[in-house]
Amino acid sequence: MGLFDFFKKPEKPIDFSDDNVKALTKLSDQLGDILIKSGYGYGVDYLSQIRLSADKHDNERFKTLVISRELFGGSGAIWEIWIEDIELRKQFNIIFCDYIDLLKKMGVKNGRINQVRNYFDKFEND
């Protein structure tokens, strides 16, 4: 234990309450449906891995999967896909914002997640 470790606040575990896991499952399914309809089915498997780690209350795996380039990275990340169908794109944006808000509510803290969420806020207001 280093000197500065003393001043760090202990990290809170992720809140895997039944309500949160149910909400995560529902949002994952909704996002998955849109991804399949839009030709991005590869993202469904990744969202399923996140959901399964939440079902198992696997704190470390859940964080690793959520804070990843596959979900919140750059080109090719799930948040950055382009959906041609305008209505599906609007649905995706709304549901993905709800997904991010739920992750934050569950206790995931990461600057990149906040950045992506702020991007969607800006996008909605333009």
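**Ground rules**

I number residues from 1 along each chain as its sequence is written, and my side-chain values use heavy atoms, with hydrogens and water left out. As the model is predicted, local features need pLDDT of at least 70 and side-chain atom pairs count only at pLDDT 80 or more, while totals for chains, interfaces and linings use all residues.

**Entry 1: overall make-up**

I looked up the secondary structure and found six helices and zero strands. Helices (H or I, at least four residues) and strands (E, at least two) are DSSP runs, numbered from the N terminus. From the N terminus on, I read the order of elements as α-α-α-α-α-α.

I then looked up burial: of the 126 residues, 40% count as buried. Buried means under 20% relative accessible area, exposed over 50%, and partly exposed in between, with a 1.4 Å probe and protein chains only.

For contacts (heavy atoms within 4.5 Å), I took pairs at least 6 apart in sequence; 64% of these contacts join residues at least 24 apart.

**Entry 2**

Two packed helices are described by the angle between their axes and the distance between the axes. The axes are lines fitted to C-alpha atoms, for helices over the stretch in contact, and angles run from 0 to 180 degrees between N-to-C directions.

Helix H1 covers residues 18–37, and I noted that H1 and H2 pack at about 175 degrees with their axes 9 Å apart. That makes H1 roughly antiparallel to H2. The classes are: under 35 degrees roughly parallel, over 145 roughly antiparallel, 65 to 115 roughly perpendicular, and the rest oblique.

On the H1 side the contact residues include Val-21, Leu-24, Leu-31 and Leu-35, and on the H2 side they include Val-44, Leu-47, Ile-50 and Arg-51. By class I listed nine nonpolar, four polar and three charged residues in the contact of H1 with H2. Ala, Val, Leu, Ile, Met, Phe, Trp, Tyr, Cys and Pro count as nonpolar, Asp, Glu, Lys and Arg as charged, and the others, Gly among them, as polar.

**Entry 3: H2 against H3**

Helix H2 (residues 42–55) and helix H3 (residues 59–66) have their axes 8 Å apart, at an angle of about 155 degrees. H2 is therefore roughly antiparallel to H3.

Which residues of H2 and H3 meet? I found Tyr-46, Gln-49, Ile-50, Ser-53 and Ala-54 in H2 against Arg-61, Phe-62, Thr-64, Leu-65 and Val-66 in H3. The contact of H2 with H3 has six nonpolar, three polar and one charged residues.

**Entry 4: salt bridges within a helix**

Side chains of opposite charge can pair when their charged atoms come close. I used this rule: a side-chain nitrogen of Lys or Arg within 4 Å of a carboxyl oxygen of Asp or Glu. By it I count five salt bridges.

Arg-51 bridges to Asp-55, with the closest N and O atoms 3.6 Å apart. Both lie in helix H2, four residues apart, about one turn of the helix. Asp-55 is partly exposed, at 38% relative accessibility.

Lys-90 bridges to Glu-87, with the closest N and O atoms 3.9 Å apart. Because they are three residues apart in helix H5 (residues 86–106), Lys-90 and Glu-87 are separated by about one helical turn. Lys-90 is partly exposed, with a relative accessible area of 47%.

**Entry 5: Arg-117**

Arg-117 sits in helix H6, residues 111–125. Is Arg-117 buried or exposed? Its relative accessible area is 14%, so Arg-117 is buried.

Leaving aside neighbours within four places in sequence, I found Arg-117 in contact with Cys-97, Ile-100 and Asp-101. The C-alpha atoms of Arg-117 and Tyr-99, 18 residues apart along the chain, are separated by 9.8 Å.

Asp-101 and Arg-117 form a salt bridge through their side chains, at 2.8 Å from N to O. This pair links distant parts of the chain, with Asp-101 in helix H5 and Arg-117 in helix H6, 16 residues apart. Asp-101 is partly exposed, at a relative accessible area of 33%. Salt bridges that share partners join Asp-101, Arg-117 and Asp-121 into one network.
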